[in-house]
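I opened this notebook to record what I looked up in the structure, one topic to an entry. The cut-offs behind each term are set down where the term comes up.

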Amino acid sequence: MMRPRIYSRIYTRVSGLLTASPRKGIASMVLVAVWLSASVGPATSARADEFVDRANALVRKASDEKRSDLVLLPLLPDLKAPPAVLTSQYQAALFGNHAPNWEACKEWVQAEPQKKVIDALAKITKDENDPQKGFVFGLPYGADGAGPELVTKEMYVELGDPATLAAAKFLYMDKFEIVGILMHVEASRLAETGDIVGAMDKMKQWLFFTRQIADRPFLREKKWAMESMLAALERMCDLAYVDFRSEKHTTEPSKLKDLIDLLRDRSLYLDRVKLPEADLIAREQLVSRVLIEKGGTNADTFGPTMAKIGSVDRPLRLFSSAAFWDQARALHAGWYESKDALKGLVDDWQRRWILPPFDRIQTTRSFWELRIANRPRFSVIGTGLNDLPSLYSLRRRIDAQQSGARMSLAAYAFFLRERTIPSSLSAVTPRFTTRVDKDPYSSKGVDILYTRPLVDTPKSDRGEPKPYTIRLFPAPPRPELSRRLDNTHFVVYSVGPDEKNELAIDCTQGQEGRSGDYLFWPPQLSLERQRLLDTGDLK
């Protein structure tokens, strides 16, 4: 039974809604009634589903006082959409304070609903470097665990009826992207005033909040979070680089030192990030639901269930999708073969996830590639998991970007104090960092790499410096570009997955199977923005 205080809270909220808006209040009462029937009435199929219980058991637990979801989610429905020019975190970071209609962007970020979200992020990341004291995004999956307030605000994960993990709708994810845009714009606003450290602090807060989401057990949340972490680390370097190239430097070396210490090796605890285990449990649930135990496919459930999964973000395709899956059913493997395939997939992925990146097994083709991907016979298992293999390289890129950011910021702090570019990364120790970080892409354990254009780079036969140009070939949609650098720059980079030192002349930014280094400084983002400024596309 629910406690009386919960009844009282529900009554108070619904009464308030009816007073403010009878129509909204009635709609809320319906939702609350549904929630109450699930909470105090007979066990429904959703509540009794062992697979949903297992998925929720993976959610990190914390007291209500340390649950970041309870602080942030209630604020998100009031969050206003950003100016139309800002469509993604990447675009907000790329434009910086040169965004078209920049004055409108600043007005948006300083409006009250947005300021409340910025303040909330500061609160829920204040103990980011102490996992024992830090906040946890502990929202359970499904309406039952979310509670009536978040359900009425549509800030929860909808699993449907019957509860289907593979068809989960993350109703807050679009708002999360807007929060990311907000934090990048706020960083740009602070940087424009000369508060580079304050701007970097906002990126630090965003980094550690998205790190909380990376602990979530669903692929949709985890991949978005890890991509946001990578972008936040790059943006920190970008903000410092903008200050580096300014006529007047406003950053204090001691403040940079604090950030460098915060980003110390393993402070992001990437080894604690797990595979999206809830998605794997979801495949077990699908096998149990659309296949007959010890038999073949279930004609009654196969088409409707698979159509529901395929139309999560495109509901208008539900009926056409159902017809497709009814036809596909005849080609699908039976219960025994599907169970074996799922076990083989999970075992292979989990083994690869915990093995070092240089282990021999990592060079072999995965069970996913050999048996599951794009094979209609195992579509119940493979549908919705196409992005999962990318987490392996994404985790490695975050590891590299963290080390690259530390070394880049340490080199800049040295420049600010000594008024000269360091001769090597070892020059920044021990004042700004205790040691030079190892290159995560090097199996030989070499340090993160460093060079000074026209000083350390190749010379002509006459001993004269050759022009030095960086060429970037990142994964789409980020653009290819080249940039010539002179001796007023320094370059921090990694050997990349091919482990060949190319002096950062050709950089492919960690793409597997492509030759090239991984550039950290100058940040790719800064070079992209500079090209837009040079061409007049930004002003």
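I began with Y172, which touches L73, F137, L139, M155, Y156, V157, R216 and E221 when residues up to four places away in sequence are not counted; contact here means heavy atoms within 4.5 Å. The model is a predicted one, in which local features need pLDDT of at least 70 and side-chain atom pairs count only at pLDDT 80 or more, while totals for chains, interfaces and linings use all residues. I kept to numbering from 1 along each chain as its sequence is written, and to side-chain values that use heavy atoms, with hydrogens and water left out.

**Core.** I then asked which residues touch the most other members of the largest nonpolar core. They are Y172 and F176, in a core of 161 residues, where a nonpolar core is a set of buried Ala, Val, Leu, Ile, Met, Phe, Trp, Tyr and Cys residues joined through side-chain atoms within 4.5 Å. Helix α21, residues 390–418, gives the most to this core, with 15 residues; helices (H or I, at least four residues) and strands (E, at least two) are DSSP runs, numbered from the N terminus.

**Helix α21.** I looked up its span next: α21 has 29 residues and reaches 41 Å from its first C-alpha to its last, close to the 42 Å expected at 1.5 Å a residue, the expected span being 1.5 Å times one less than the number of residues. Of its 29 residues, 23 are buried, and α21 is mostly covered; buried means under 20% relative accessible area, exposed over 50%, and partly exposed in between, with a 1.4 Å probe and protein chains only. R419 follows α21 and has a positive phi, near 60 degrees.

**Sheet.** I noted an open sheet of three strands in the order β5-β4-β7, with mixed pairing; two strands pair if DSSP finds at least two bridges between them. The edge strands, each pairing on one side only, are β5 (481–485) and β7 (506–507). Strand β4 (residues 468–472) runs parallel to β7 and is joined to β7 by two bridges, and the bridge partner of L472 in β7 is C507. Helix α22 (residues 524–535) packs on the sheet by touching β4 and β5, and its direction makes about 95 degrees with that of β5; axes are lines fitted to C-alpha atoms, for helices over the stretch in contact, and angles run from 0 to 180 degrees between N-to-C directions.

**Backbone.** I found a cis peptide bond joining T429 and P430, with omega about -5 degrees, and P430 lies in the loop between α21 and β3 (449–451). The bond from P476 to P477 is also cis, with omega near 10 degrees, and P477 is placed in the loop between β4 and β5.

N374, not a glycine, has a positive phi of about 60 degrees and lies in the loop between α19 (367–372) and α20 (379–382); N374 is exposed, with a relative accessible area of 75%. E499, also other than glycine, has a positive phi near 60 degrees in the loop between β6 (491–494) and β7, and E499 is partly exposed at 31% relative accessible area.
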